[in-house]
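The two exercises below are meant to be worked through with the sequence and the coordinates open. Each sets a task and then gives a solution in steps.

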Amino acid sequence: MTNTKTPPAIVEKVRGWVESAKRVVVLTGAGISTDSGIPDFRGPNGVWTRDPKAEKLSDIRYYTADPEIRKLSWQSRLNHPAWTAQPNAGHLALVQLERRGNLRALVTQNIDGLHLKAGNSRDKVFEVHGNLHKAICLSCGWKGPMQDVLDRVRAGEQDPPCATCGGILKSDTISFGQSLIPEVIEGAMRAAQETDLLFAIGSSLQVFPIAHAVPIAQAAGARIVIMNAESTQFDDIADVKLSGLIGEDLPRICGRFDAA
Ligand code: NAD
């Protein structure tokens, strides 16, 4: 990963922007959770970088059409690092940011639930791609705890059907090819329009429509800070691009969060 150490003067400048902003919006991606042991998709050690075939597991068309893909998906969920992952310094810095009182929204593409586990408020967090900790039936819409379904996989069901209607079960996350939840994505985009300071953190900004939040906020007059080790297509419209490690730079910007 080609990250560079962020000079103290840049950190101070961005800290000043946080202090003077009225409505901060933060957009996070998989890169904020790599320090918690959850690999991203497209980074140098990303799941798809290491195994391009893994992309099929995140596509609803393969998932619904192919029982073998579903069996692989259940095995992958069984062993997912999210079950034991703990929030890291980056997540905790965003709790500190919320405590400052000017966080308008924390929009996340992540499905690991770590922002809520860290302590950000339910009403601030927009999980635009859903949450891995719940399961859903694609036919009848039943929802329940993921661990209950994983218990069935552990007991030998390779592709457990819905206990209510026999339909296909899946994590309650948005795969490629699946529709977003309108009220969640609309709430996130509204926040992007209203913010005066937008952070895009740990995202390659290649997944749309959520990546549009960056140019939308910029067009509405917000300052843009992009924190990502690699380049993104929106680096040229950012007021500041930080390529340092998120777990180091975010606590420097937001102030360290001292757990009680
Ligand atoms: P991505 O994999 O496309 O990009 C992640 C970016 O983060 C990369 O450019 C990488 O260089 C950077 N990065 C990784 N660790 C970093 C660090 N410590 N410091 C600085 N930069 C770092 O991720 P994305 O843009 O979020 O899009 C992928 C999709 O995958 C999303 O829709 C998300 O739902 C899903 N996803 C989620 C998780 C999770 O919930 N933790 C994990 C993998 C993928």
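Two strands count as paired if DSSP finds at least two bridges between them. The model used throughout is a predicted one.

**Exercise 1.** Determine the order in which the strands of the open sheet are arranged, and explain why one side of β3 and of β9 is left without a neighbour.

*Solution.* Begin with the pairing between β2 and β3: three bridges join strand β2 (residues 103-108) to β3, and the two run parallel. Within this pair, T108 stands opposite E127 of β3. From one strand to the next, the twist averages 15 degrees.

**Exercise 2.** Describe the surroundings of the ligand, and state what share of its exposed area the protein buries.

*Solution.* First list the shell: 27 residues surround the ligand, the closest being Q109, H129, S203, S204 and E230. By class, this shell holds eleven nonpolar, twelve polar and four charged residues. Next, examine the backbone: an N or O atom of F41 lies 2.8 Å from a ligand oxygen, a backbone N or O atom of I111 likewise lies 2.8 Å from an oxygen atom of the ligand, and one of A229 lies 3.1 Å from a ligand nitrogen. Taken alone, the ligand exposes 860 Å², of which the protein buries 96%.

How values were computed
Residues numbered from 1 in each chain as written. Predicted model: local features only at pLDDT ≥ 70, side-chain atom pairs only at ≥ 80, totals over all residues. Heavy atoms only, no water. Near = heavy atom within 4 Å. Polar contact = N/O pair within 3.5 Å; in protein donor to acceptor, adjacent residues only side chain to side chain. Areas by Shrake-Rupley, 256 points an atom, 1.4 Å probe, with all protein chains shown as cover. Nonpolar A, V, L, I, M, F, W, Y, C, P; charged D, E, K, R; others polar. Helix = DSSP H or I, 4+ residues; strand = E, 2+ residues; numbered from the N terminus. Axes fitted to C-alpha atoms, helices over the stretch in contact; angles between N-to-C directions.
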